[in-house]
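Subject: Structure for you to look at

Hello,

Here is the structure I said I would pass on. Please look it over first, then read the notes below it.

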Amino acid sequence: KSLLALRRPCYIVCKRLSGTQLAAEGRVLRAVLYVYHSKLCRHRSYLAMQQVEQCLKRLWKINLLGCIETLAELIPKKEASQAHTECLIPSQPMLEAVALKVLGSCKLILRLLDCCCKAFLLSVKHLCSEEYILLNTLSSGLLSRLWLVIQYRCALQHLMTLYGLLSASLQLVSEIQQMPYIKGFTFPSDITNFLGVNVSSEMKKQKARMLTTRKPTSWLKKFFPRVPEAVSEMEKKRKLAAGRSAVKKLGVPCPMDIGQPVL
């Protein structure tokens with residue numbers, strides 16, 4: 001049963017990590033770093049974004065998706081297990097390799113989220129100081145979207161669920177036939193202890209830090225001065241009245257509602 005239960009979590013993890021949004025944000029991040037490399041290679045915001053890009057690169061180089069897809073193909077189907085008394089199951093080396101990659105990916109995603117949060121705060125800080133306005137405006141939006149894509153797709157939570165089932169399956173397979181592949185490392189029974197943090201509370205802390213950051217609106221007000229509401233309402237009424245009077249002068253019958261003028 002533990003082996004059969006692996007199929008759905010494998011499918012969900014592959015779907016969460018292979019989304020187009022995450023790949024698109026990674027491509028935009030690499031393009032921004034390439035454009036600004038010669039100008040801002042020593043800037044703190046740029047260096048922080050480089051750390052985010054390195055985490056993404058290492059996450060793809062693990063080839064976690066390929067291993068999970070291969071594992072899903074080896075899991076026996078329910079119909080086949082009922083039809084035959086014997087069936088092929090994934091070997092202990094295969095399960096150990098996937099479990100090790102899941103552990104490493106969870107660590108990398110935690111690091112990636114932390115780097116996104118720190119780089120976002122640095123970008124907003126330099127934006128408030130009116131330094132490299134274009135780069136920091138672009139990077140703050142990019143980093144916040146990347147953080148939200150990873151967080152709201154629940155990739156880390158699904159990986160943790162998958163590891164729990166992998167651990168149970170690994171124990172079952174090792175009891176059937178001992179074939180240890182990874183030596184000198186004990187697979188943790190609880191992935192939360194291995195990660196060293198409470199994932200939900202850590203995400204709430206990062207979200208609170210990003211939301212309570214001082215808004216960089218001081219320099220924006222210089223370019224886009226805010227119009228008082230009373231003045232804007234009077235301006236709308238004046239333009240509406242001018243439009244109606246112009247229609248009357250032309251002799252065109254004025255309808256009851258001629259719409260709002262486009263400002």
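How many helices and strands does the secondary structure of the chain come to? The chain has 13 helices and zero strands, where helices (H or I, at least four residues) and strands (E, at least two) are DSSP runs, numbered from the N terminus.

Some notes on the source. This is a predicted model, in which local features need pLDDT of at least 70 and side-chain atom pairs count only at pLDDT 80 or more, while totals for chains, interfaces and linings use all residues. Residues are numbered from 1 along each chain as its sequence is written, and side-chain values use heavy atoms, with hydrogens and water left out.

The chain as a whole: of its 263 residues, 39% are buried. Buried means under 20% relative accessible area, exposed means over 50%, and partly exposed lies in between (1.4 Å probe, protein chains only). Among contacts with a separation of 6 or more, 84% join residues 24 or more positions apart; contact means heavy atoms within 4.5 Å.

Helix α2 (residues 20–35) and helix α4 (residues 44–61) have axes that come within 10 Å and cross at roughly 135°. That makes α2 oblique to α4. Axes are lines fitted to C-alpha atoms, for helices over the stretch in contact, and angles run from 0 to 180 degrees between N-to-C directions. Angles under 35 degrees count as roughly parallel, over 145 as roughly antiparallel, 65 to 115 as roughly perpendicular, and the rest as oblique. On the α2 side, the residues in contact include Leu22, Gly26 and Leu29; on the α4 side, they include Tyr46, Met49 and Trp60. By class, this contact has nine nonpolar, two polar and two charged residues. Ala, Val, Leu, Ile, Met, Phe, Trp, Tyr, Cys and Pro count as nonpolar, Asp, Glu, Lys and Arg as charged, and the others, Gly among them, as polar.

Gln21 is also found in helix α2. Gln21 counts as partly exposed because its relative accessibility is 45%. From Gln21 to Ile150 is 129 residues in sequence, but 9.4 Å in space, C-alpha to C-alpha.

Helix α5 (residues 64–74) packs with helix α7 (residues 92–128) at an angle of about 145°, their axes 10 Å apart. Residues of α5 such as Leu64 and Cys67 meet residues of α7, including Met94 and Leu95.

Last, helix α9 (residues 155–176): its buried residues include Ala155, Leu159 and Tyr163.

Regards
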